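Please look through the model below, with attention to its ligand and its strand pairing.

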Amino acid sequence: MRHQIVIIGGGPSGLLLAQLLLKQGIDAVVLERQTRAHVLGRIRAGVLEMGFVDQMREAGVADRMEREGLLHDGTILSYNDREVRIDFRKHAGRPVTIYGQTEVTRDLYEARDATGGTTYFEVADVTLHGMEGDTPYVTFRHDGQDKRIDCDFIAGCDGFHGVSRKSIPDSVRKDYERVYPFGWLGVLSETPPVNNELIYASSDRGFALCSMRNMNLSRYYVQCSAEDRVENWSDARFWEELRRRIPPDAAERIVTGPSIEKSIAPLRSFVTEPMRFGRLFLCGDAAHIVPPTGAKGLNSAASDVYYLFQGLKAFYADGETDGLDSYSQKALDRVWKVERFSWWMTSLLHRFPDQSAFDQKMQEAEIAFLSESEAAQEALARNYVGLPY
Ligand code: FAD
Ligand code: PHB
């Protein structure tokens, strides 16, 4: 078999790239390890930058997002009894869109169904070959058969645990990593959100986040220990802990209900360099991870897709390779700034197990400065709504 591009991973980055390419008449096959239902069952991101929405528009997949997505003009940060509202419109000129990653992925799969394009689900033993030459190919098992696809380029969109990054030799690759000593326990519940904007709350009991998917679907998180297990958290215990960490007026208003999903996510900062090895290009979580505090993971996957798509488009239009040659550097320049922001938000709002009284004073002073300084609010707002591509 032959396709122009093999995309490994049918998560949001792989699907968005495939759809953008298809609209340009460039043929990309998608290989996904899981079933479609499994990919759609994962509850993850919920906050989209305008750049993400623009790319969904360019891919022709933004109609439902534009109808159902909620525009948020700001967010609340609370630290013990101090609250700061960050006004996105005022300080950064644009809102963010609340629309679940599940819905993004569903829209992309439905568009793929409608426009054609081959997707193999439940593939195994995906192996990348010949990336250093001009004739790369990918082998895998599907439906009990060994398959081989020859291609011009391979896009590694297979997430943090995928095979693509690991196919780059250790002698070429440098990894940078910080693992945080806590996780996030997340609960999805069919209840109205406690507030019309997100609340990022830091209390002496730890961090909590009040988020949402729509006006009858809430998403809440509490910081938990890295070793904690979902079985330790009954719904009652979760709601009680959440109430104790958020501002008192929100705690009073909150509507609780049964959880329809509950999971623990570890927190990690990670970047691999370079993001290109010959004819292999890494995109999204395959190349970098951020802790979720700044809502940046999916959004930085989308900026990678943007740079890679521009490079591939120019290559297929007139053989121009500048875009592909500068891909890794352009993507990494933005990724590192996003890493910094996510690390900073995480450091500011979480209680660390080894945190000293001095460290806590530093967090308090940072919050005090943020509440008094328009410049500091602007810096936060500009990063949160998304740095330019
Ligand atoms: P993935 O979504 O990981 O997709 C990779 C795909 O590749 C998967 O479907 C996987 O099954 C497949 N795959 C893996 N290995 C192979 C293989 N060998 N062969 C074939 N296929 C393979 N980001 C935000 O921007 N905003 C948020 O609000 C936000 N909140 C988050 C909250 C939580 C709790 C978590 C965990 C993450 C959050 N993120 C957020 C991060 C965001 O979900 C990820 O950055 C995003 O999913 C990355 O997309 P991706 O397509 O690069 O990778
Ligand atoms: C979410 O709604 O899942 C969410 C929102 C904001 C974040 C992280 C996660 O910073």
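The text below takes the ligand site and then the strands.

This is a predicted model, in which local features need pLDDT of at least 70 and side-chain atom pairs count only at pLDDT 80 or more, while totals for chains, interfaces and linings use all residues. Residues are numbered from 1 along each chain as its sequence is written, chains are lettered from A and ligands numbered from 1 in the order in which they are written, and side-chain values use heavy atoms, without hydrogens and water.

Ligand 1 has 30 residues around it, a residue being near if one of its heavy atoms lies within 4 Å. Ser13, Glu32, Gln101, Asp285 and Leu298 come nearest. By class, twelve of the shell residues are nonpolar, eleven polar and seven charged; Ala, Val, Leu, Ile, Met, Phe, Trp, Tyr, Cys and Pro count as nonpolar, Asp, Glu, Lys and Arg as charged, and the others, Gly among them, as polar. Helices α1 (12-23) and α9 (297-318) each supply at least two residues of this shell, and α9 gives the most, with three. Helices here are DSSP runs of H or I with at least four residues, and strands are runs of E with at least two, numbered from the N terminus.

Polar contacts are pairs of N or O atoms within 3.5 Å. A polar side-chain atom of Arg44 lies 2.8 Å from an oxygen atom of ligand 1, and a backbone N or O atom of Asn299 lies 3.0 Å from an oxygen atom of ligand 1. The protein covers 90% of the 1,000 Å² of accessible area that ligand 1 has on its own (Shrake-Rupley method, 1.4 Å probe).

Strand β17 (residues 259-273) pairs with β13 (residues 174-189) in the antiparallel sense over 13 bridges, pairing being at least two DSSP bridges between two strands. Leu185 has Ile264 in β17 as its bridge partner.

Notes
Polar contact = N/O pair within 3.5 Å; in protein donor to acceptor, adjacent residues only side chain to side chain.
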